[in-house]
Amino acid sequence: MLDWNPALYLRFASERTRPAAELLARVPLDPAQVRHVVDLGCGPGNSTELLAQRFVHAQVLGVDNSPAMLATARQQLPQARFELDDIATWAPQAGTPSPDLIFANASLQWVSAHEVLIPRLLSLLAPGGVLAIQMPDNHQQPSHRLMREIAQLPQFASHIGQVERLRTEILPIGTYYDLLAAPGVQSAAVDVWHTIYQHPMASPAAIVQWLRSTGLKPFVEGLPAGLQTDFVQAYEHRVDAAYPARADGQRLLAFPRLFLLAQRSA
């Protein structure tokens, strides 16, 4: 997949940061005692900034595999440390302390093998440390079903191929609970929940712009330029029908998100 576009991503910074703030509010750690925090899949640093503001005594590390996102994050938050790495395999460097908090906001949905990944991340924490994860859970929403439907049209299918490989379909919420609460995982407490946000959007084009920087990106970027335009136009037309105008002319974009919070045994 091509590198990310931080400017496009941040057009909806407030909406993207709100779930991170709500996840962070549930983290049961005393800021005075936290020394090492990792933002796994930090993107342009909007979630990292929240962490730095709350844990003022901690060393905050942002990890991402996008050079463009990291460049923006470093510019926005020079007091934090950022490193280029694969979030699927990341672990603290040898000789460095285990983190008190691993925070992953809207990043792990791009990574496969959650059955292995989630317990492994919990095991990387210091005793009493917290794993906090938020992921979009919109695979079955019209916004994402329509991408897959259009991708299977003959003019696009030969370029896109199997749509299932473009993004990991996250597991049922109960499965995540079981992964974190299973005997031997060393979790002291597990909390899981869903929130469905309803984002007022000015137009179908605004919904498309939101998704072009995330879920729509892998569908479009591999197409020839002319077909990219055709795909986006076809998608916007279907989005217009799927998200009707409300009383004030806005379109409500339903956006389910899944939250996971686990504290490692002390």
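**Figure 1. Aspartate 39 stands opposite glycine 62 in strand β2.** The coordinates are a predicted model, in which local features need pLDDT of at least 70 and side-chain atom pairs count only at pLDDT 80 or more, while totals for chains, interfaces and linings use all residues. Residues are numbered from 1 along each chain as its sequence is written, and side-chain values use heavy atoms, with hydrogens and water left out. Strands (E, at least two residues) and helices (H or I, at least four) are DSSP runs numbered from the N terminus. Strands β1 and β2 run parallel to each other and are joined by five bridges; a pair of strands requires at least two DSSP bridges. Strand β2 spans residues 59-64 and is mostly covered, with five of its six residues buried. Here buried means under 20% relative accessible area, exposed over 50%, and partly exposed in between (1.4 Å probe, protein chains only).

**Figure 2. Seven strands form an open sheet with mixed pairing.** The strand order is β3-β2-β1-β4-β5-β7-β6. Strands β3 (81-84) and β6 (187-201) are the edges, each pairing on one side only. On average, neighbouring strands of the sheet are turned by 15 degrees against each other, direction ignored. Within the sheet, β4 (residues 101-105) and β5 (residues 130-136) are parallel and share five bridges. Alanine 104 has isoleucine 133 of β5 as its bridge partner.

Figure 3. Axes are lines fitted to C-alpha atoms, for helices over the stretch in contact, and angles run from 0 to 180 degrees between N-to-C directions.

Figure 4. The crossing is right-handed: the near helix is turned clockwise from the far one by less than a right angle. Leucine 50 belongs to helix α3 (residues 46-54) and counts as buried because its relative accessibility is 18%. Apart from neighbours within four places in sequence, leucine 50 is in contact with Thr17, Ala20, Ala21 and Leu24. Its C-alpha lies 24 Å from that of alanine 254, a residue 204 positions apart from leucine 50 in sequence.

**Figure 5. Helix α5 meets helix α8.** The axes of α5 (residues 114-123) and α8 (residues 173-181) come within 9 Å and cross at roughly 45 degrees. This crossing is right-handed. His114, Glu115, Ile118, Pro119 and Leu122 of α5 meet Tyr176, Leu179 and Leu180 of α8. The classes represented are six nonpolar, one polar and one charged. Nonpolar comprises Ala, Val, Leu, Ile, Met, Phe, Trp, Tyr, Cys and Pro, charged comprises Asp, Glu, Lys and Arg, and polar comprises the others, Gly among them.

**Figure 6. Helix α6 is mostly covered.** Seven of the 10 residues of α6 (residues 142-151) are buried, namely Ser143, His144, Leu146, Met147, Arg148, Ile150 and Ala151. Elements covering them include α7 (154-160), α9, α10 (217-220), α11 (225-242) and β7. Leucine 211, in helix α9 (residues 204-212), is buried because its relative accessibility is 1%. Not counting residues up to four places away in sequence, leucine 211 touches Ser143, His144, Met147, Leu216, Lys217 and Tyr235. Leucine 211 and glutamine 228 are 17 residues apart in sequence, with 14 Å between their C-alpha atoms.

**Figure 7. Alanine 106 and glutamine 186 have positive phi values.** Most residues other than glycine have a negative phi. Alanine 106, in the loop between β4 and α5, has a phi near 55 degrees. Glutamine 186, in the loop between α8 and β6, has a phi near 70 degrees. Glutamine 186 counts as partly exposed because its relative accessibility is 44%.

Notes
Contact means heavy atoms within 4.5 Å.
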